[in-house]
Amino acid sequence: METEASVTPSAAGRAHRIAVIGGGPGGLYAAALLKRLDPTREVTVWERNAPDDTFGFGVVLSDETLGGIEHADPAVYAALQAEFVRWDDIDIVHRDRRHTSGGHGFAALGRRRLLEILHDRCRDLGVELRFRTEAPPAAVLSAEYDLVVAADGVHSLTREARADVFGPSLTTHHCRYIWLAADFAFDAFRFEIAETEHGVMQLHGYPFSPHESTVIVEMREEVWEAAGFAELDERESTERCAKIFADALGGRSLRGNKSTWINFRTVTNSRWSDGNTVLLGDAAHTAHFSIGSGTKLAVEDALALAACLEEQPDIPAALQAYETERRPVVASTQRAARASLEWFERLPDYLDQPPRQFAFNLLTRSRRVTHDNLRLRDADFTRSVERDFGCPDGTPPMFTPFRLRDLTLRNRVVVSPMDMYSAVDGVPGDFHLVHLGARALGGAGLVMTEMVCVSERGRITPGCAGLYTDEQAESWRRVTDFVHAQAPGAAIGLQLGHSGRKGSTKLMWEGIDEPLPDGNWPLDAASPLPYRPDSQTPRELSRAGLTKIREQFVEAARRADRAGFDLLELHCAHGYLLSGFLSPLTNHRTDAYGGDLPGRLRFPLEVFDAVREVWPEGRPMTVRISATDWADGGTTAEDAVEIARAFAAHGADAIDVSTGQVVSHERPAYGRSYQTPYADRIRSLTGIPVITVGAVSSWDDVNSLLLAGRADLCALARPHLYDPHWTLHAAAEQEYKGPGATWPAQYRAGSRRPQTGRTDAPKQRLKLGD
């Protein structure tokens, strides 16, 4: 048993007797760490399987995780280091073309060998391992032990027994997969696509020893059923998979290990602890195997739990600290895993992409690998993708031009519409001139106004800008003249809309969506449904009312033409009037303007057609939509595709893809570029140009999304509030000086980042010992 003078026994009231349910990597590593930190502890692990029973084959660990292991337990780290196989390349094989990207850095070993190392370490430290033994229920153990660590996996009985406390949510996904092995080592992480008569199948393969590889075969449920795998046993499935991927395997066979076809399940929990019982690893959370995070997360959980138990004064404080530390890390990993999982679910949508773009798209699917770090890992591969995209040498993707009708945007950056609530009687003033002018000077290819309202009754708040009087049009002309004269190359677009049932509310900073205390105006909507319980109930529009509002849009478009706008966007999102017609949650009409999707589209399309007729032929029109309502029974991703197709068929040049804000009870799944999958889906299924928006915050994100083919333009809002010159600064940071980002002559001296401190200090050359 190992002891260290620097490690002191646990203080009174802290965990001394510890029960661990589950002998997977997370449970074993937690047991070893807890015993090593305090050799006087009694630590017992229950594992219902035999010591050499394991499922799956290889385990991949990141350098970050290995660093934590090295710091916490050098003995385990040394044992792992002796076993790892390492490689740098990823091979992507699709339609008989192989693309290789290097510089990635992987380390893997066999799962069975990992367990053996942890078994040995636990025994050396004095952990009691009880194999082939079902653990008593956590409720029983929690009365006998100071701490119960439930590491009992994705099917955790501990979690299910106290579901009322842990609040688990389990989501079953659309693909079937099977873990197999091959008796040779791939020389790279290999993704191979097979287009069969039954549908698309994919292979994920990687080495885990000098002469063995993990092979995961995955396909959508309907493909799995059509291919007849439901009727095959393990041997038959294994043989069929070997035939399908014979080229990848070099004609070699595959083998299983009690392998079955399963659907991946994402596990989350609202709480991770119940009294002195805590969830760890897959019992608490899962992340799809395509980003190799299951064992990684479990090991990192163990490290964090052990550290928190040492740092905190008692068990409740330690368990709270553990969850506080780990939950955001896990949530981020699960978002990345979900993006990767959904990419593979939608794999058929991408098959017709140019070959290298397809490979780049696959590599960046989780958004953890980006254009910038891929360029550092493999500059040659990234340059080849850029050339295929059309980037001139030295030009980042975001600074390539994009054409819509007669309008050529100098770059792919859009200043997203942002309501400023600063107009007086609908008239934009000096604030709008400075706000929009500054952002045009800041380098964006297209600067969009806030939603400009087509009537006084169509305003959201008393501070909303309008385009229903000639005075308003003249004031907007002042803004567009400034942009065209002082920011040559920048385009300015108008977003045109009507508030519908979300009107007559306070300014945002006074209470967003809260009704005015007085001075209210009547509201119009598709159906008489208030936005919130305390909101005003709108009037359901009659045929005459629909005609009147359509003409208000037309008159506003005519004024927009005279005001000099380069592009017009019809606002059909966020629960405002036209969006209210599109969503089944807000349109309960029984006439021709309600019912099925074609009925709900009727009025927005009538408005679009009427506006398009008066808007100059050479100037583009776009449409902003909410691609999901984030609420049951609302607009779905499939609906959004059909809505986009309908507007494109009527002449829309691009679809600006946002989500939500349609109903107040929505439950959005926020995260980095969280709305992009909806834009990506529309673009890949329809070929219609799309603008993506929503938590796109870095120039690296913009380059990555464009180069992967997920969007044609990227709209950013908050980054442009933080930095009006965001686009020019992005160019400077990428050392780009081309026509896609031209500094105004007055600002040219600021085109280099200023020094922030002394840089001429001498370097330390020698370090002498005592």
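Axes are lines fitted to C-alpha atoms, for helices over the stretch in contact, and angles run from 0 to 180 degrees between N-to-C directions. Helices (H or I, at least four residues) and strands (E, at least two) are DSSP runs, numbered from the N terminus. The model is predicted, so local features need pLDDT of at least 70 and side-chain atom pairs count only at pLDDT 80 or more, while totals for chains, interfaces and linings use all residues. Residues are numbered from 1 along each chain as its sequence is written, and side-chain values use heavy atoms, with hydrogens and water left out.

**Exercise 1.** Describe how helix H13 and helix H15 are arranged.

*Solution.* 
- Step 1: H13 spans residues 355-363 and H15 spans residues 379-389; their axes come within 9 Å and cross at roughly 125°.
- Step 2: The two helices are therefore oblique to each other (under 35 degrees is roughly parallel, over 145 roughly antiparallel, 65 to 115 roughly perpendicular, and the rest oblique).
- Step 3: In contact (heavy atoms within 4.5 Å), Arg356, Gln357, Ala359, Phe360 and Leu363 of H13 meet Phe381, Ser384, Val385, Asp388 and Phe389 of H15.
- Step 4: The residues of this contact comprise six nonpolar, two polar and two charged (Ala, Val, Leu, Ile, Met, Phe, Trp, Tyr, Cys and Pro count as nonpolar, Asp, Glu, Lys and Arg as charged, and the others, Gly among them, as polar).

**Exercise 2.** Determine the orientation of helix H1 relative to helix H11.

*Solution.* 
- Step 1: The axes of H1 (residues 25-37) and H11 (residues 294-311) come within 8 Å, crossing at roughly 25°.
- Step 2: H1 is therefore roughly parallel to H11.
- Step 3: The residues where H1 contacts H11 divide into 12 nonpolar, two polar and one charged.

**Exercise 3.** Identify the order of the strands in the open sheet and its edges.

*Solution.* 
- Step 1: Seven strands, with mixed pairing, follow the order S6-S5-S11-S12-S13-S10-S14 (strands pair if DSSP finds at least two bridges between them).
- Step 2: S6 (97-101) and S14 (262-269) are at the edges with a single partner strand each, so one side of each has no neighbour in the sheet.
- Step 3: Within the sheet, S10 (residues 168-182) and S13 (residues 212-220) pair in the antiparallel sense over eight bridges, and Tyr177 has Glu218 in S13 as its bridge partner.
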